[in-house]
Amino acid sequence: MISFIIPAHNEARLLGRTLNSLNQAAANLREPFEIIVVDDASTDATAEIAERHGAKVTQVELRQISAVRNAGARRATGDILIFVDADTKVPAATLRAAMLALKRGHVGGGALVEFDEPSVWWAILLIRCWNMIARIGRLAAGCFVFVRRPVFDAVGGFDQAYFAGEEIVFSEAVKRHGSFAILGSRVLTSNRKTVSHSLFETARTVLILSFGGLKRWQTREGLDLWYKRRDPDLPT
């Protein structure tokens, strides 16, 4: 069984397309699967959209991405866990590549990332830099992480000491239990963070997380990219 786990806070606008992509990609595998949407204190139609697309809905009020991912994992029944962000589409080829990596002996992994629509030049440069770092360091982007359930349990899931960067900490922990694959294929994620935040704001956040030490990842302060919504179509 494959369990897809989607953390979601006020994701009514983009969740439907993510669920469509997962349902289509998973159907091609001809393996049993479930989709779990962890609705984290949403005030919009996130839960209704999830149910309309056949997903199981778990309600939480955590407002911490690592804790929300873990809440979904606790409900999951699959022996393969795949964490997908609510604004990310997973092509069938990428999902097949992930399953093949697991069959070849990898215990977990991630994929390269690209935007699903045109974005500003500095955002494209930023995502290309991330893809290079991901390849070299074998680090999964949070929008797509897959892992075998026994390994997830062995590392204790995502470390809830962190409000951001938990996928990097998780990647390092999983690598201690076996080979960690970064797929050559890509997932398609929304560019909304780079549209709603300026180059200065984004660069400041990246610098803080890169050079401020792990303590800076353990507080919500300064993490507006993740915890302060500016999309005028969505509640905060």
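**View 1. Aromatic pairs across the structure.** A search of the whole predicted model finds 7 aromatic pairs. Rings of Phe, Tyr and Trp (its six-membered ring) pair if their centres lie within 6.5 Å; planes under 30 degrees apart count as stacked, over 60 as edge-to-face and the rest as tilted. This is a predicted model: local features need pLDDT of at least 70, side-chain atom pairs count only at pLDDT 80 or more, and totals for chains, interfaces and linings use all residues. Residues are numbered from 1 along each chain as its sequence is written, and side-chain values use heavy atoms, leaving out hydrogens and water.

**View 2. The pair Phe83 and Phe152.** The two ring centres lie 5.6 Å apart and the planes meet at 25 degrees, so Phe83 and Phe152 are stacked. The pair links distant parts of the chain, with Phe83 in strand 4 and Phe152 in helix 6 (residues 149-155), 69 residues apart. Helices (H or I, at least four residues) and strands (E, at least two) are DSSP runs, numbered from the N terminus. Phe83 is buried at 0% relative accessibility. Phe152 is buried too, with a relative accessible area of 5%. Buried means under 20% relative accessible area, exposed over 50%, and partly exposed in between (1.4 Å probe, protein chains only).

**View 3. The pair Phe152 and Phe158.** Here the ring centres are 6.1 Å apart and the planes stand at 65 degrees, so Phe152 and Phe158 form an edge-to-face pair. Both residues are buried. Ring pairs join Phe83, Phe152, Phe158 and Phe170 into a cluster.

**View 4. Helix 7 and its surroundings.** Helix 7 (residues 166-175) has 7 of its 10 residues buried, so it is largely enclosed by the rest of the structure. Phe170 is one of the buried residues, which also include Glu166, Ser171 and Val174. The buried residues of helix 7 pack against helix 3 (65-75), helix 5 (121-137), strand 7 (144-148), helix 6 and strand 8. Contact means heavy atoms within 4.5 Å.

View 5. An open sheet is built from 8 strands in the order 3-2-1-4-7-6-8-5, with mixed pairing. Its edge strands, strand 3 (56-60) and strand 5 (88-89), each pair on one side only. Two strands pair if DSSP finds at least two bridges between them. Strand 1 (residues 2-8) and strand 2 (residues 33-40) run parallel, joined by 7 bridges. Helix 1 (residues 12-29) packs on the sheet, touching strand 1, strand 2, strand 4 (80-84), strand 5 and strand 8 (180-189). The direction of helix 1 makes about 160 degrees with that of strand 2. Such angles run from 0 to 180 degrees between N-to-C directions, with axes fitted as lines to C-alpha atoms, for helices over the stretch in contact. In strand 2, Ile35 is the bridge partner of Phe4, and Asp39 that of Ala8. Strand 2 is mostly covered, with 7 of its 8 residues buried.

**View 6. The nonpolar cores.** A nonpolar core is a set of buried Ala, Val, Leu, Ile, Met, Phe, Trp, Tyr and Cys residues joined through side-chain atoms within 4.5 Å. The largest has 43 residues, of which Phe4, Ile6, Ile82 and Phe144 touch the most other members. Helix 1 gives the largest share of this core, 6 residues. Not counting residues up to four places away in sequence, Ile82 touches residues including Phe4, Leu95 and Phe144. A second, separate core of 22 residues includes Val68, Val107, Val151 and Phe180.
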